[in-house]
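Visitor: Pick one part of this model for me and go through it slowly. I'd like the close-up and then how that part sits in its surroundings.

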Amino acid sequence: MNLETFNYSVDADGVAHVVFDVPGRSMNTLTAKVMAELPQIVAAIRDDANVKGAVITSGKASGFCAGADLGEMGSRDTSGMSGDERLKAEFERGFSLNRTLRELETCGKPVAVAINGLALGGGLEVCLAAHYRIAASDNPRLQLGLPEAKVGLLPGGGGTQRLPRLIGVMAAAPMLLQGQSQTAEKAKAMGIIHDTAPTAELVEKAKAWVLANPNAKAPWDEPKFRVPGGAPHTPAGAQLFSMAPAMLTKETNNNYPAQENILKCVYEGLQMPFDAAIRIESRYFLKTAATPQSKGMIRTLFLSMQALGKGASRPVGPAPFEVKKAAVLGAGLMGAGIAYEQARAGIETVLVDVSQESAEKGKAYSQRIVDKDVSRGKLTREKADAILARITPTTDYSAIAGADIVVEAVYEDPDLKARVTRMAEPHLREGGVFGSNTSTLPITGLSAASDKPENYIGIHFFSPVERMGLVEIIVGDKTSQETLAKAIDYVIAIRKTPIVVNDFRGFYTSRCFGTYTQEGMEMLAEGIAPAIIENVGRQAGMPMGPLEVSDSVGLDTALKIGKQMARANGTEYTNDPKGALLDWVVEAQGRAGRKAGKGFYDYGSDGKPTRLWQGLGDKIEVTVNECPPEMKKELTHRLLVRQAIEVSRCFEEGVITDARDADVGSILAWGFAPWTGGCCSYMDLFWGGLRGFVAEADRLADAHGERFRPGQMLRDMAASGETFYSRFGPDMKAAAAA
Amino acid sequence: MAEAYIYDAVRTPRGKGKSNGSLHEITALSLATQVLEAIRDRNNLDTSKVDDVILGCVSPVGEQGSDIARIAVLNAEYAETTAGVQVDRFCASGLEACNIAAAKVMTGEADMAIGGGVEAMSRVPMGSNGGAWSSDPSVAIKTHFTPQGVSADLIATKYGFSRDDVDAYAVESQKRAAQAWAEGRFSRSVVPVKDQMGAIILGHDETVRGNTTMQSLAALNPAFQMMGDMAFDAVIKQRYPEVEKVNHVHHAGNSSGIVDGASAVLIGSKAMGEALGLKPRARIKGFASIGSEPSIMLTGPEFVTAKVLKKLGMDKGDIDLWELNEAFAAVVMRLMQAFDIDHDRMNVNGGAIAMGHPLGATGAMILGTVMDEMERSDKETALITLCVGAGMGTATVIERV
C-alpha cells in the first residue's frame, strides 16, 4: 500500500498499526486524500490473513482528528447531471465515509482506537466505528464531540446513529444538536469511550484489548440489541420522542435545518437496522449540506471567523506588532472589561481614571471575574493572581510610559476624549498606537486632538467586553496602514475577532444594528401588537425582540438620537408618529428603558423583563392583534431585509469593503440571525440570487416605504449576476492585492 | 338519495377510567358487545337486516385492535352477514361512525346500519397506539404539534376566558349532569353494564360531582403549565406570535374526564324501518367534517358548524339544542362566543366535564343524549359537534320526525 496520510504496519503479534498523520498539516482532518486512503486500510485489515486486528491512533501531538475539511466541502461540481441521476451520484459520494466506517466495523476483526487528543466531528465518528476506544487521561485539551450542528451541518459519518445507540438519545441529544463536547473523563462516565490511560500507554493497552477480544462486534450488531433509554414508539422512548421536536423548536425557533435533520436521522434511523440507518443519515446529510443555511454558516461561522482571527483583513506589509504593555483610559464598564481582556492575554495593563478609587473599582471588575472562574474550577488561583497582578490602577498618566498602545474608553464626549488623548499620547512609545473606543463619534474628528493622527484609530469594543468576541476597527482618514496592522495584531492578541470599517457616521455595526429597532418602532406606530413584534423578532433568530433591544439601549438615548437626526434633516422628530410615541413614553411616562426598570417592558428586581408594559395601549391603538403565517413572513422579512439593505448601503458608500467582515460583524456585533450566515449571505444565498433579494426589497419598499429601496450598486450587482462574495469576497481582495 | 333515520340510541354508563373504575374489570369487547345486544334486543332487531356496524375507537390496539367492530358483531351473535368496521377520527370517532352509517343508508349501500363506538380507557390507555404527529420531527415541527391541554389554554388566552370563567362553566356542567341524572333524563339511553355473571356492575355515570363549587375547583393546579413551560408555549407562539404569555387555566376539574364506555345508534332507511316495524325518532339532516389549524387544534367546531349550516341552508337560529363535547371548558365557551349561543341551549344536561369522554364512543353518546332531550323538551332540531385532534371538527344536524 502506498499511503500518504496514514502509516500502516503490522507487528509481530499480527496487530496492524494505523497511524493517522496528514502531511503538512498541524492537525489531522478528513481531507479528500484521507477519504481515498481509508478504504484501502480497511481492506488490508480485513483481507490480510496475517492481521488479527488493528489499533488506530494519530501521529499528531495536536490530537486525533478535527473532523471534515470544511475548506474542501462545497467545492463539488455536480452541474450537468439531471435530477435523479444527480441525486444518486451525490449519494454515492456522501455515503462513502459511512460505507468505509461500516466496513471497518464489520470487518470481522477487533479494531481499537487510541485517542491521544481531541477527536471532533468526523474524527470522533471514526473512533465510534471502532470496537474499543481508549483516550488519553493526561491531555487536558482532549475533547470528544460532534460540533457539526454549530456550522449548519450534521454528522454524516454515522454519528447520528452510533452515538444514541451507544449512550441513549437523552445523553446524545446535547452533543448532536448543540455540539456539546466532553472531556475524556466525562466521556468514559457517559460510556462514549471504554477507558482512559496515560498517553504513553494508550497504544499498548489498545493492542492488549485487540489480542484479548478476537470476536469483537459493535453492540448494535448483536441480535438482542436495544437502544438505551428506548427507541421511538417503544414504551420507554415514546415520551422522549414526543418532547424532542418541541424542545428543538424552543431552542432554535425552527431556523436551523441541520438540527431538524439530525433529529429526523435519530427518529427514523433508530427504528432501522444499522445499515439502513446510515443510508438515511447520508441522505439527510446531503440534503442539509445543500441548504443556504449550511453554506452560509460554514462560510461565516467557521471559515471567515478563522480567517479574520488570523488577520485576513490585515495589510500584509507591516511587521508583526507585539503588545507587551497597554494602557486603558477610563475604568468604567468598558475600560474595566478591556483591561481584564488584556491582562488575561498576558499584557501588562495600566488602568487610568480620574480618581484612584474609580481606577481600583475598574480593577475589581477583573477580580470578580477571576474569582468566579476559580470557584468554578476553570482557573487556578495562581493564574488568577497573575492576571490581577498585570493590572495597575492609577491616576497617573506617566505610568503609561512606554506603552505599545493606549485605548481610551472614556465617555462619548469629544472634548473629554480630546483631553485624555493629549494627556496620554506623549507617554506612548515611539510608533505606539492610540485607539479610541467609540461606537459613534467620527474617528477623523477625534484624531484632530492627536499629534500623530496617522497612529490614531478607532477600536470599538462591545459590552460586556469579556463575552463579546468582536472588535470593530475604524480607519480614520489619516490612519496609516501600519497603524491598522498594529491594531489588528492587538485585537488578535487579546483573542478577539477584528473587522475593519471606514469612518462614517455610526460606522458599520451601530448604524446597521439601529435599523432593527427602528423597524420595530415602525411596526409599533402602525398599531401592530407589541407581542407580535417581539415574538417575530426573536423567532426570526434575533437575540431579543426590537422593543426589548430598545429598552436595553435606553429609550432616552434613542429619543435623543432620533431628535438629533431629525434636526440634522431639518424636521421635527415628534411630528413623526414613532418620535411622538417615543417622546410620550420617555417624557410623559418617565420610562427610559431597562436601566430605569421600566420601558416598553416592566422589569423585575433582577433586571429581567417581566411583561410588556400594558400602558402602551393608552397611546397607540392596536389594530393588528393576530399574526397568521403570511403576516409573520412579511414582518420577518421587514426586520431582516431592513438590516440587510442598510449593510448593502454600507458597501455602496465604502463604510465596509469585505463581505467576511460584514457577515461576521453582523452576527457577532448585533446578533443578526446566525442561521443566515450573516447579512451578506442572507442577501446572496436565500433568494435565488441577488435578483430575488432586490425584487423582495422593492416589493417591501412599495408596500412600506423607501427605507427598503435597494441602491444602484445592489441593482447593478443583481443585474450582472454578482454576489457580495464575488464582488467583496476574499478572492477579489487577493486579486486586488496582487 | 334516501333519507337516514335514527331509530334508537343506547350507551353504557361511563366508568372512571382508572384501575379502580367500575368498568375496569369489563373488557372493551364486552362493552361494545353489550350495547350491540341492547340495541338488538330492545328493538327485536332481525340482525340479518343490519348491513354494517361502524364503531369509533381511538386506541385500536391490544384488545381494541384489529377491527373491534367486526369482533363485537361476532361476539354479540349478530347475523354472520353483518359486517363491521372500526373508524378513527380521534374524539369525533363515534359521531363520524354515525355519519358514515347515515351516508351508507343515504347512498343505498346499506338499509340498516349501526354507528357507535367503544373506548376502555382504563384498559387501553390513551396514546397506546403511538402515531407520527407528536414524535416524527418531519411533521411535528412544521405543524407545531402541541398537546391538547396547552391548545385549550391557548384558546382561553386568545379569546379571553379567565380561570374563573372556565371554572364557572365546569361547575354548571356538573350541576346540570347531576340534575339530569336526578330527573332520570338519561334513562331511555343508558343500559347498565353487566359483569361476567350477568349482574349489574355499573348503572350510572361514575364521575359526576354535583356538589362541585368554585372553591373546590380553585384548589386544582393548572394541569398543562409544566408542559407549556418545558417547550410547548414556545412552540405554539411560533404559530400565534400575538400571544405574549399563555394563560394556563385548564385542570382535571374543567376538562373532560378519562372514562370507559360504549355506544350504539341504529340508523336506517324509512322503508327498512317500516319493514322491521320500527318507529323513527329523528332524521339526520346532514353532517360535515372540516380541517382547522392543528396547533390550536380545538377550534374545529366553529368552522364545521358554519360549514354544515351553510350546506343545509340553515341559520344558527334554526338550531334549538346544541351539543358540543366538553373536551375542555374553553372549547365550548369559544363556540358559544363565536355564534353567540345562549348557554341555556348548549349542553343542557351537562357533558364530558362531569360525565367523562370515552374517546371513540362519545360522539354517538351525545347524539343520543340530545335526541332524548329534544323529545323531553319538545324541540325540533339539534346540532351535535366535537373538537378533534390534529385540528378538525365534525358535526351532525338532526331533527325530530
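Guide: A bit of bookkeeping to start with: helices here are DSSP runs of H or I with at least four residues, strands are E runs with at least two, and the numbering goes from the N terminus. Keep in mind too that this is a predicted model. Counted that way, chain B has 13 helices and 12 strands, and the part I'd zoom in on is strand 12 of chain B, residues 392–400.

Strand 12 of chain B is mostly covered, with seven of its nine residues buried. Look at its partners next. Strand 9 of chain B, residues 282–291, runs antiparallel to strand 12 of chain B, and nine bridges join the two. If you want a landmark in that pairing, find Ala288(B), which stands opposite Ala395(B) of strand 12. Strand 11 of chain B, residues 381–388, is another antiparallel partner of strand 12 of chain B, this time through eight bridges. Here Val388(B) faces you as a landmark: its opposite number in strand 12 is Met392(B). Strands 11 and 12 of chain B make a hairpin with three residues between the strands, and in that hairpin Ala390(B) takes a positive phi near 65°.

Now zoom out to the chain around it. Of the 401 residues in chain B, 60% are buried. The C-alpha trace of chain B spans about 60 × 45 × 45 Å along its principal axes. A compact globule of 401 residues would have a radius of gyration near 21 Å, and chain B comes in at 20 Å, so the two agree.

What about the inside? The largest nonpolar core has 221 residues, and the members that touch the most others are Ala112(A), Ile115(A), Ala206(A), Ala327(A), Val406(A) and Ile473(A). Helix 25 of chain A, residues 629–653, gives this core its largest share, nine residues. There is also a second, separate core of 132 residues, and this one includes Tyr7(B), Val124(B), Ala282(B) and Leu383(B). Two of those names tie back to the close-up, given that strand 9 of chain B covers 282–291 and strand 11 of chain B covers 381–388.

Last stop, the side of chain B that meets its neighbour. The contact takes 19 residues from chain B and 29 residues from chain A. On the chain B side, helix 4 (137–140) and helix 8 (225–239) each supply at least two residues. Helix 8 of chain B gives the largest share of that side, six residues.

Terms used
Residues numbered from 1 in each chain as written. Chains lettered and ligands numbered in written order. Predicted model: local features only at pLDDT ≥ 70, side-chain atom pairs only at ≥ 80, totals over all residues. Contact = placed C-beta atoms within 7 Å. Buried ≥ 20, exposed ≤ 12 C-beta atoms within 10 Å, placed from the backbone. Pairing = 2+ DSSP bridges. Rg over C-alpha atoms; globule rule 2.2 N^0.38 Å. Core = buried A, V, L, I, M, F, W, Y, C linked by C-beta atoms within 7 Å.
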